[in-house]
Structure formats: C-alpha cells, structure tokens
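I opened this model to look up its core and its aromatic rings. My notes follow the display.

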Amino acid sequence: QVQLVESGGGVVPAGGSLRLSCAASGRTFSSFVMGWFRQHPGTEREFVGAIRWSDGSTYYADSVKGRFTISRDNAENTVYLQMSTLKPEDTAVYYCAAQLVTYYTGYYYRKDAYPYWGQGTQVTVSS
C-alpha cells in the first residue's frame, strides 16, 4: 500500500521560502514518478512539478519554473519541494502524488495519471 505524507506547510511572507516534504512508503519508489500539485479554493487541482525518481529528471509548470525546485532523498524515501520567491498567488493546498514511471512525459502533468495521493498541506503566502 503506497502511502504519501506531506509536511512543511505554513504561513510565509511574500518573497519568502518554504520547503515541503513528501514521505513515501509501501513500495520501491525508484520505479515511480512523484508529482506535486496544488489547489486554490474553488479551482481545479493544478500541476506544479514532478520528478522521475530513477534519474532525478524534473518537470515544472511555467508558473513556478525558476522559483521552485523538486528533489528526492533515496535514503529517506522523501521528495522535497523547495519554494522560493513566494507570491500570494502560490497560496494553496499542496499535494504530493505518485505514479508508476512511464517515459511518455505528458502523463507527468496530468492529475488523472496519478493513482496515489497524500492528504495535502496548506501553504499561505501573506502580502
């Protein structure tokens, strides 16, 4: 049973930084793609970024490119989302997700391609 547990959310001023963690358990994640999504109130869940665990390749939404960085720690089975230069529009619930790896990278951006999800963590950026 795959389990994903996010942590690290909180309140941060605009321009600040925050690091989210996603602790993964239940499988060998070297054959997975780990994604980060976020959801603003009243809107659809949107893609933030993803990392292919096996080789560390990363993929980002245009809205966060250059500000957010995804990494993974093999020993800790944990994926990180380092967020910098935060803006009020980054305020959302952030979710970690996992899918078995495919080399069709188009699936990495689609929330319906991820069968496993964490419970989410709230990030609030104050202006």
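**Rings and core**

I looked up tyrosine 95 and found it buried, with a relative accessible area of 13% (buried is under 20%, exposed over 50%, partly exposed in between, with a 1.4 Å probe and protein chains only). Tryptophan 117 is partly exposed at 28%.

I noted that this is a predicted model, in which local features need pLDDT of at least 70, side-chain atom pairs count only at pLDDT 80 or more, and totals for chains, interfaces and linings use all residues. Residues are numbered from 1 along each chain as its sequence is written, and side-chain values use heavy atoms, leaving out hydrogens and water.

I then listed aromatic pairs (Phe, Tyr and Trp rings, the six-membered one for Trp, with centres within 6.5 Å; stacked under 30 degrees between planes, edge-to-face over 60, tilted for the rest). The count is twelve. Tyrosine 95 and tryptophan 117 make an edge-to-face pair, 6.4 Å centre to centre and 80 degrees between the planes. They sit 22 residues apart, in strands β9 and β10 (residues 116-117) respectively (strands are DSSP runs of E, at least two residues, numbered from the N terminus). Both belong to a cluster linked by ring pairs, which also includes Phe37, Phe47 and Tyr59.

I checked for charges over rings (NZ of Lys or CZ of Arg within 6 Å of the ring centre and within 35 degrees of the ring normal). Arginine 45 lies over tryptophan 117 at 4.9 Å from the ring centre, and arginine 19 over tyrosine 80 at 4.1 Å.

Notes:
Helix = DSSP H or I, 4+ residues; strand = E, 2+ residues; numbered from the N terminus.
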